[in-house]
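Here are my notes on this one, point by point. Have the model open while you read.

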Amino acid sequence: MGFSSLPLFFLAGLGVLPAVAALVLAPRALDDIRGGPSAFTDSGMVQAASDCAVVTLILAGIALATIFVVILL
C-alpha cells in the first residue's frame, strides 16, 4: 500500500487512503518480521513502503496548503 500510494496520489489524490493504511499496518508488519523465522529478515521493504507513504502525506499536505492559499487570495 505504501508503494502504490505515491503514484495514486497523482491520480486525483487517491493515494492518501493507502498511505494512511500503510502507516497503520507498518508496525505490525515489522513485529511479524522480527518475531518470525529467519526467512523473514527483510524489514527494509517495510521501511521503504512507510517512507513512500510519508512522502505521499507530505505532498498531500502541501497540495492542501496551496489550495487554501489560492482560495484565500
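1. Ser 50 is buried, at 12% relative accessible area; buried means under 20%, exposed over 50% and partly exposed in between, with a 1.4 Å probe and protein chains only. Ser 50 sits in helix α3, helices being DSSP runs of H or I with at least four residues, numbered from the N terminus. Setting aside neighbours within four places in sequence, Ser 50 is in contact (heavy atoms within 4.5 Å) with Leu 23 and Ala 26.

2. A word on the basis: this is a predicted model, where local features need pLDDT of at least 70, side-chain atom pairs count only at pLDDT 80 or more, and totals for chains, interfaces and linings use all residues. Residues are numbered from 1 along each chain as its sequence is written, and side-chain values use heavy atoms, without hydrogens and water.

3. Now helix α2, residues 16-35. Its 20 residues reach 29 Å from first C-alpha to last, close to the expected 28 Å (1.5 Å times one less than the number of residues). Even so, α2 bends by about 35° at Leu 25, with Pro 27 following within four residues; the bend is the angle between axes fitted to the seven residues ending there and the seven starting there.

4. What does α2 pack against? Its buried residues, Pro 18, Ala 19, Ala 22, Ala 26, Leu 30 and Ile 33, pack against α1 (2-9) and α3 (44-72).

5. Val 20 also belongs to α2, but at 39% relative accessibility Val 20 counts as partly exposed.

Terms used
Helices (H or I, at least four residues) and strands (E, at least two) are DSSP runs, numbered from the N terminus.
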